[in-house]
Amino acid sequence: MLAPGLVMPPDDLEPPGRGFRVTCLGRAGSYPAPGEATTGYLVSTGTTHVLVDCGAGVLANLLRVLPPWRLAALILTHAHPDHVSDLVVLPHLIEWVAWRRLSQRRPLPVYAAPETAAALERLLDDPTLEVHPLAAAEARGIGDLAVRCARVEHPVETWAVRLEHGGASFVFSADTGPTPALAGLAREADLFVCEATLPDEMADRAGHIGHLTPALAAQAAAEAGARRLLLTHIAMGFDPDRFAAAAAAAGPVPVEPARPLETYPV
Ligand SMILES: [Zn+2]
Ligand SMILES: [Zn+2]
């Protein structure tokens with residue numbers, strides 16, 4: 001039963017467009033840029049909505065495009081704070097908003113690799129969330145989305161994610177340094193969202209700390225034969241349009257920076 005005077009998001013709120021699409025809820029790397037969230041992407045089909053990563057400020061942006069009770073699941077690529085920090089407040093959002101709207105209280109499935117799941121259990125033990133291994137999402141899919149994952153190169157256990165629907169594919173690199181696993185997972189992806197944390201002049205440092213540059217992202221996209229590339233996880237203070245220009249100069253795949261609250265057809 002809703003509390004008197006409680007204003008809920010409209011039930012039919014949903015990201016613009018139709019069919020398989022991806023909305024950028026946050027693209028900032030490591031910590032939020034002014035007015036910008038860290039990593040979060042909402043993947044939507046006609047009927048299934050999955051949030052991939054839940055960084056700082058992502059839930060505030062989610063509430064602009066989707067009522068939280070319509071989320072089917074959350075996928076976490078790894079346990080770094082810029083990918084999970086809004087999880088700390090997610091139980092309140094589920095209990096105070098989603099569960100007041102749903103006829104049945106159901107925990108939100110959270111799919112995470114073992115080390116992330118263990119970190120989550122240390123951080124929160126809450127009935128609003130139900131943690132499953134990533135392998136379960138790969139085996140069963142989520143709604144009408146098929147799921148595949150690949151371990152990538154990062155200081156903590158990190159998995160890139162591929163979601164498919166109706167013959168189209170979206171791939172998210174997560175955080176990673178150069179690795180052949182990335183191009184393997186992104187093979188012929190229709191939309192490849194790839195991290196580019198540091199500029200090309202800092203390629204050595206980027207690789208050392210498990211990140212990519214615009215040229216390295218462009219190379220991975222070209223190797224994969226991806227059809228479209230969006231750059232994400234750009235460290236604060238660097239110009240996303242310059243990063244996209246650098247990536248465009250380094251490979252043939254059409255590229256632009258992911259833009260907050262923009263929705264992209266897959
Ligand atoms: Zn990160
Ligand atoms: Zn990370």
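Me: What percentage of the 266 residues of the chain count as buried?
Reply: The model is predicted, so local features need pLDDT of at least 70 and side-chain atom pairs count only at pLDDT 80 or more, while totals for chains, interfaces and linings use all residues. Residues are numbered from 1 along each chain as its sequence is written, and chains are lettered from A and ligands numbered from 1 in the order in which they are written. A residue is buried if 20 or more other C-beta atoms lie within 10 Å of its own, exposed if 12 or fewer, and partly exposed in between, with C-beta atoms placed from the backbone. On that count the buried share of the chain is 49%.

Me: How many helices and strands are there in the chain, and what is its radius of gyration?
Reply: Helices (H or I, at least four residues) and strands (E, at least two) are DSSP runs, numbered from the N terminus. The chain has nine helices and 15 strands. Its radius of gyration is close to the 18 Å of the globule rule for 266 residues, so the chain is as compact as a globular protein of that length. The radius is taken over C-alpha atoms, and the rule is 2.2 Å times the number of residues to the power 0.38; for the chain the radius is 18 Å.

Me: Which strands are the edge strands of the six-stranded open sheet?
Reply: Two strands pair if DSSP finds at least two bridges between them. The order is E8-E9-E10-E11-E12-E14, with mixed pairing. Pairing on one side only marks the edge strands, E8 (146-152) and E14 (255-257).

Me: Which residue in E14 is the bridge partner of Leu230?
Reply: Strand E12 (residues 229-232) and E14 run parallel and are joined by three bridges. Within E14, the partner of Leu230 is Glu256.

Me: Which residues of H9 are buried?
Reply: Helix H9 (residues 240-250) lies across E12 and E14 at about 165 degrees to E14; axes are lines fitted to C-alpha atoms, for helices over the stretch in contact, and angles run from 0 to 180 degrees between N-to-C directions. Asp241 and Ala249 are exposed on the other side of H9. The buried ones are Phe243, Ala244, Ala246 and Ala247.

Me: Why do the buried residues of H9 line one face of the helix?
Reply: The buried residues of H9 pack against H8, E12, strand E13 (234-235) and E14; contact requires C-beta atoms, placed from the backbone, within 7 Å. The arc is that of the directions from the helix axis to the C-beta atoms. The buried residues line one face because, seen down the axis of H9, they fall within an arc of 160 degrees.

Me: Is Val58 buried or exposed?
Reply: Val58 is in helix H1 (residues 58-65), which lies across strand E1 (21-26), strand E3 (40-44) and E4. Leaving aside residues up to four places away in sequence, Val58 touches Leu25, Gly26, Ala37, Gly40 and Asp86. With 28 other C-beta atoms within 10 Å, Val58 is buried.

Definitions and conventions
Two residues are in contact if their C-beta atoms, placed from the backbone, lie within 7 Å.
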